[in-house]
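Open the model in your viewer and keep the selection panel at hand. The stops below go from one chain to the other.

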Amino acid sequence: MKLDGTYLFREKREQVWSTLMDPEAISGAIPGVEEFVPVEDEQHAWRAIAKVSMAAVSGRFTGQVRMSEIQAPVSYRLTVSGEGQGSIISGNVVMRLVERDDGGTVLHWDAEANISGKLARIGQRLIKAAANMMSKRFFGNLARQIREAA
Amino acid sequence: MWPAEFDYARPSSVAEALQLLADNEDAKLLAGGHSLLPAMKLRLNEAPLLIDISRIEGLGSISNNGSLTIGALCTHADIAASADVQASCSALATATGMVGDQQVRNWGTLGGNVAHADPASDPPTVLVAFNANINIEGASGGRSVAAADFFIDLFTVDLEPGEIITSIEIPAHPHEGCAYVKMPHPASRYAVVGICVVLHKDGDSCSGAHVAVGGATVRAMRSPGAEAALRGSSLDDAALDAAAAALKDDIANDLIGDMSFPEAYRQEMAGVYLKRAVRAAGG
């Protein structure tokens, strides 16, 4: 499924970019994150554990987060893959920064998310709304950090 | 379909239950269990401890002294059959009578229902329309939250991990008619769209209306646009068309959809069911 959104910042593009490239900011934006450690011998890749709790579902997901196609200070792709609860989630999002005439910056994000396994079978009627809410939480957290870093 | 092993505690008071919650991270409250237990059997939740609050006294009755107070442990069947509820908030009797099937209604509780906050469930829509308050106890005392603020997002409510819902209060709200109507999912009977309308009339004209929508949206929510369109109208077809259009605008950013019933379809049906709800409420 495809999801997207836009955030507007007063900060300059370089400033927004440096937060977007900061592993601590990415880690801090993942809902329920418990662990976020660099993968050995690899740049821009981390092992992550997140506790997800929604409706009566509660459990830990383990997976990897990777940055690629980095084109400073304009865009990169963030790829997430994880498993837990007998399910596999994968997704990737391209974040793009556009400078505004007033000195501010627009962040556009375009994501594609896939969920398969037990959660997808049982939660089919709500999987899209849940993915949407999680993405909004992630970018909401990221946006807050960008504003705080300014 | 066996759950993972868990511990079990059965406190006899709210204070005792709160203490157990404070001492045991990841513990879950068990009331009717009709959302929690299926998830545990599917191993989507492996709570190490269930705190069974179902036998705590004083949380299972309905009283009416001006406002209607419904204990958190009242089952959907209790509420649907209550003469007090039928008299002062008949739409809630209708909605609780539509939840799941008879077995679910006999066990599922209103407190559990609102804590779970399934967007396709029926009672929250009525509670939002009637400005109900959710009464909550926690370690630092009690608080009360308006239903419209309580339901924040999909399965997300204003309730902290250490808190317990004790009752749901519906303030006195004299009205000339109210109704809850829904488009049930053909297989699950969950609301694809659910609408609650409360009407105030002055002769043939509408002096005010509350409109709430659920099922189509991530949470139960009011529609100020539809309410404004109905207010002061004679509830003719033109007014209903305007209200339906305003409702569709109000929910545009909060729609949910799936393969069978996409967002745009639910948005359209919300307008259709609003008109049916107004007519069912006597408009």
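Helices and strands here are DSSP runs, numbered from the N terminus, and two strands count as paired if DSSP finds at least two bridges between them. The model is a predicted one.

**Stop 1: the hairpin.** Select β2(A) and β3(A). These strands form a hairpin with six residues between them. In the turn, A:D41 has a positive phi of about 60°. The two strands pair in the antiparallel sense over five bridges. Now pick A:F36, which stands opposite A:A48 in β3(A). Is β2(A) well covered or hardly covered? It is hardly covered: among its six residues, the count of buried residues is zero.

Stop 2: Select residues 57-71 of chain A, strand β4, and residues 75-84 of chain A, strand β5; they pair in the antiparallel sense over eight bridges. A:M67 stands opposite A:L78 in β5(A). When you display side chains, bear in mind that in a regular strand they alternate between the two faces of the sheet.

**Stop 3: two helices on the strands.**

**Stop 4: chain A as a whole.** Zoom out to chain A, which has four helices and seven strands. Along the sequence they follow the pattern β-α-α-β-β-β-β-β-β-α-α. The radius of gyration of chain A is 16 Å, close to the 15 Å that the globule rule gives for 150 residues, so the chain is as compact as a globular protein of that length. Buried residues make up 25% of the 150 residues in chain A.

**Stop 5: chain B.** Colour chain B by domain: domain 1 (7-52), domain 2 (62-170) and domain 3 (177-280). The C-alpha centres of domain 1 and domain 3 of chain B lie 36 Å apart. Finally, show the contacts between the chains: 15 residues of chain B are in contact with 16 residues of chain A. On the chain B side, these are eight nonpolar, four polar and three charged residues.

Notes. Residues numbered from 1 in each chain as written. Chains lettered and ligands numbered in written order. Predicted model: local features only at pLDDT ≥ 70, side-chain atom pairs only at ≥ 80, totals over all residues. Domains from an automatic or database assignment. Contact = placed C-beta atoms within 7 Å. Nonpolar A, V, L, I, M, F, W, Y, C, P; charged D, E, K, R; others polar. Buried ≥ 20, exposed ≤ 12 C-beta atoms within 10 Å, placed from the backbone. Rg over C-alpha atoms; globule rule 2.2 N^0.38 Å.
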